[in-house]
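Subject: Structure for your review

Dear colleague,

Please find the structure below, together with its sequence.

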Amino acid sequence: MQASAPLLLLSLLIHTQYVNAANDGIVGFGIDLYPDLCCQSCRDSLSALYLSCTTFPSSSNASGMDSGMGMKKRHDEGSMEGVPITSDDCRANDLPWLQTMAYCIQQNCNAVGFGAEEQVKCFSKQALSGAIKPTLRESLPVTAPTIELASDAVWLNSTSLVNSELYYDTYGTYAEFGRSENLHSQYSVALVILVIGVILACGITNQLIASSPGLQKQIQSSSIWSKLGQYLFLPALVGSRHLQPLPRRLGYVPGRMLSINIGIYVILNIVFSSVSFRSFQPNIAFFSWQFEICEYVGNRTGVLSLVNTAIAILFAGRNNLLISLTGWSQTTFLTLHRWSARVATVQAIVHSVAYTVAYWSPGYLGAVAYAAQAAMPFYWWGIIATIAYALAASLAMLPLRAKAYDTFLLIHIGFSILALVGCWYHLVPHFGLDYGYQIWLYLAFAFWSADRFARFIRLAYYNRFGSSEAIVEAIPGCDIFQITVFPRTSWGFGPGQHTFLYIPWIGAGKFWESHPFSIAKWTNQESPSTTVSETADISDTDSNQDNIKSDEVSVQVSSQKSNILTRSSSVTTQKRASIQLLVRGHTGMTAALRRHMSLYSYGSSLGIPVYNEGPYAGHRTTLQPFQLADTVLCIVGGIGITHVLGFVQEFASAYSRSDDATGSKTRIMRKAKRFILAWSSRELALIEHVRRNFLVGCEGTEYLFWCTGDGSSEIKGEEITAGRMDITSVIRSSVEHGHQTTVLACGPGSLADDVRQEVVHCVGDGFKVSLVEESFCW
C-alpha cells in the first residue's frame, strides 16, 4: 500500500469516533424509536385528555367543556397562548391519570410480553416524565376500572379503561412506522455489507494469490479459470466495444464482469427500494393509506440515497484503500463511483416525487398542503439537494468530461457539496439526531475529508512542505513534451505508476488543479541521471547516453515578482532522484504549459516549480499477472508508451541482474524470458526520442515499431514499419502453448478493444494469456 494509507486510516478512525460520539447509531442499530411501545401507546392514547389540574387561558371557557362531545387533541407541554396546558407536575399528582396509565400499562404490556421491570421503568418515563414516585405498583387501582373512555372523550376525571380502538390504532401506527424505519436501516446496512464486503473479499483473495506464486500458478493452470477468463473476466459486455466510447460519446461500456456486478448492484437497489411496504389503517398519523405508503417509499429511497452517496464518495477518492487492497485501477472505481452516484440521484428524485405526490392523496389539500410544506426551510433545502444531485449527475456526461475536464470537475464538486449541504439542512434541523440519518452524511464527510487529508500529507511528504523542481523539454516535431521532476522524496516509485502534478504558476494560477501522468522512468538518489541542455537539440543527442558525462546542474526557479518560470542554465544532474513523464498537450493545464514554453523559454527546456503528489497505483495485486509470465507483450498506441516504459526499465534491470538503484527491487517479472514492446505512433519524432532517451541499454527487450503519421515517409531501415500495427499477428506470434503470456495494453480505446478481443480468442484456443489494461477513461 501507499505511504499515506496509515494516515488515511487514522483520519477515518478520527471521523468514526466523532460519528460514534454524535449519536448511538441508526434506527434498529443503536436507536430504538419505540423501546416501550405499549407504554407509549398508553400515554399517547390519553395525553389529549384534559385533567382536573389542566390550566386554561383566561379567555377560554373551561366550564363550557364537559366529558361528552369535544376535541380529541393532543396538548403541547410548552406554554402557548390560547392553548390549555397540562404540565408534568399536574400529571404526576393527578390520581385518575396515574391509575389509568398504570392499569393500561399492566394490561397491555403483559399481553405483549413486556417484562415487569421494563414496565416500572416505562411508567416512570411515560406517566411521570422521569420522576421516581409514585411507582407503578403504588399507582395501580385497588379495583380494576370497568368504564372505557369514549372515542371522543375530552376529560379524564376518573380512573378508566383506555379506549381500546384508539389504543389499537395508536399501537398499530407506531409499530408499523417503527417496522418501516427498521427496514430502511436493515436494507441500508445490507447494501453496504454486500457492496463493500464483495470488494473486500475480492481484495483479500487477490492479496492471497499475489503472495503465493504456487497458488497463482495452480489457478492459472486450471481449465475452469481459462473458461471464466474466456467468457466472464476478459470479454467486453457485448461485442468488442469497451474502452472505445459509444456513438455520440454517450459513455463507456464496462467489461462483462464489471457490468454484471453493476447490474446486480442496481437490481439490489431497486429491490431494496420497492419491497416490504405495508399499510396500517386506521392510522393516527396518516389520513389515507396512499399517503402512508408514499411516506414509507420516500423515507426508504431517501435513506438509500444517502447510503449510495457515501459509497460514491468513497469510490471517487484517489486514496481509496480499496484500490490498494484489490489492485483494481482507479478507472474501475471511478466507473463504480459514477453508477453509485446515478443510483443515489434516482433515489433522491424518487424520494422527492413520493413526498410531492403524497399531498394529492385522499384527505389532503393537494397544492395548498404542498405549498405550506414547501415553505418550510427543511423542505426547500431538500428540493435544493435533489436539484444539485440531478445537475451533478447529468453534467458528468462523457462529452463535457472529455472536452473540458477541469471545468467539469469544478462544477461537479460544487454541486456535490451543495447536495451534501442541502441534505444536512434537510435532515438535522427537522429530525435532529433521533433517527440517525445524519450518520450516513458523517460517513460521506469522513470519506471525502480523509481523501483530501491524504492528498495534503502526500504533497507535504513528497515535496517537504515546499515545491519540487522540474524541467520541461519540448520534443521537436510533435506536440509532446517531457517533464523531469526532482521530488524531494523519492520513496516508492516503480512500474505501472502515475503521479498527480500541480503547476499553479501557469495559466490562471489554479492552485487546486492537478493532473495524472504516467511515470515513464524513475531514478533514485544514488544514480546519475541526465537531461538535455537548453542549447542542445534533442534530435542531435547521441543515442549512447552512457557516454555523456555528468556535470553540475542548477535548475533555478524564478524568485521574481512574477513567480513564473525560468530557463534551466544547465542540463545534467548528478545523484538526484527524478521521475520522467511524457505529456501530450491537450487543453487546460497542458495547453497552458505549452503556451508558457513558447513565451518564456529560449531553448528547448524550461525550469518550473511543481508539486508532486505521487506515486499512485503499481500495487502488488495489480502486477500479479507479471509474476509468473514467461513472455510479457506490451501493445502500445501513441502516448500510452509512457505507462509501458516503466516495465521496460523493470525488465532491463532484472535481465541484467543489476542491483543498481535505477532498477526496481521488487523483481515484478520473476520468470519472464521475453519482453516484447510493440508500439504504434503517428509521430516519428516521438518514436525516435523514446528510442534514444529511454530504450538505450535495455538489454533483452524486443522492439516492434509502427509509424502511422505523415513522418512515415521518412522512415529508413527496417526498425520502424510504416502503417498500422496488425494486432492479431503481433499477439499470435508472441503466444506459445505451455507458456504463460501477459499482455499489457495501453493506448486508444479502439486499440485496447482489439487487443482484448484477440486475447479472448487466444484463451479460447488454449493459450495461457493474461490481460492487463491501462486506461485513463475518466
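Helix H7 contributes the most to the lining of the largest cavity, with three residues. Please note that this is a predicted model.

**Cavities**

The structure contains two cavities of 30 Å³ or more. The largest cavity holds about 40 Å³ of space. Its lining consists of Ile26, Val27, Glu181, His184, Ser185, Val303, Tyr435, Gly436, Tyr437 and Trp440. Two elements give two or more residues to this lining, namely strand S1 (26-27) and helix H7 (164-211). By class, the lining of the largest cavity comprises six nonpolar residues, three polar residues and one charged residue.

The residues that line the second largest cavity are Leu391, Ala392, Leu395, Leu400, Phe408, Ile411, His412 and Phe415. Helix H15 (377-394) and helix H17 each supply at least two residues of this lining. The largest share, four residues, is provided by H17. In the lining of the second largest cavity, seven residues are nonpolar, one is polar and none is charged.

**The pair H17 and H18**

Helix H17 also takes part in a helix pair, with helix H18 as its partner. In general, two packed helices are described by the angle between their axes and the distance between the axes. The axes of H17 (residues 405-431) and H18 (residues 438-463) come within 10 Å and cross at roughly 150°. Angles over 145 degrees count as roughly antiparallel, and H17 and H18 are therefore roughly antiparallel to each other. The crossing in which H17 passes H18 is left-handed.

On the H17 side, the contact is made by Ile413, Ser416, Ile417, Leu420, Cys423, Trp424, Leu427 and Val428. On the H18 side, the contact is made by Gln438, Leu441, Tyr442, Ala444, Phe445, Trp448 and Arg452. Sorted by class, the contact of H17 with H18 has 12 nonpolar, two polar and one charged residues.

**Summary**

- Largest cavity: about 40 Å³, with H7 giving the most to its lining.
- H17 and H18: roughly antiparallel, with a left-handed crossing.

With kind regards

How values were computed. Residues numbered from 1 in each chain as written. Predicted model: local features only at pLDDT ≥ 70, side-chain atom pairs only at ≥ 80, totals over all residues. Heavy atoms only, no water. Axes fitted to C-alpha atoms, helices over the stretch in contact; angles between N-to-C directions. Parallel < 35°, antiparallel > 145°, perpendicular 65-115°, else oblique. Left-handed = near helix turned anticlockwise from the far one by under 90°. Contact = heavy atoms within 4.5 Å. Nonpolar A, V, L, I, M, F, W, Y, C, P; charged D, E, K, R; others polar. 1 Å grid on protein atoms, 1.4 Å probe; cavity = no way out; pocket = protein on both sides within 12 Å on 5 of 7 lines; lining within 4 Å. Points joined across faces, edges and corners; volume = space filled by probe spheres on them.
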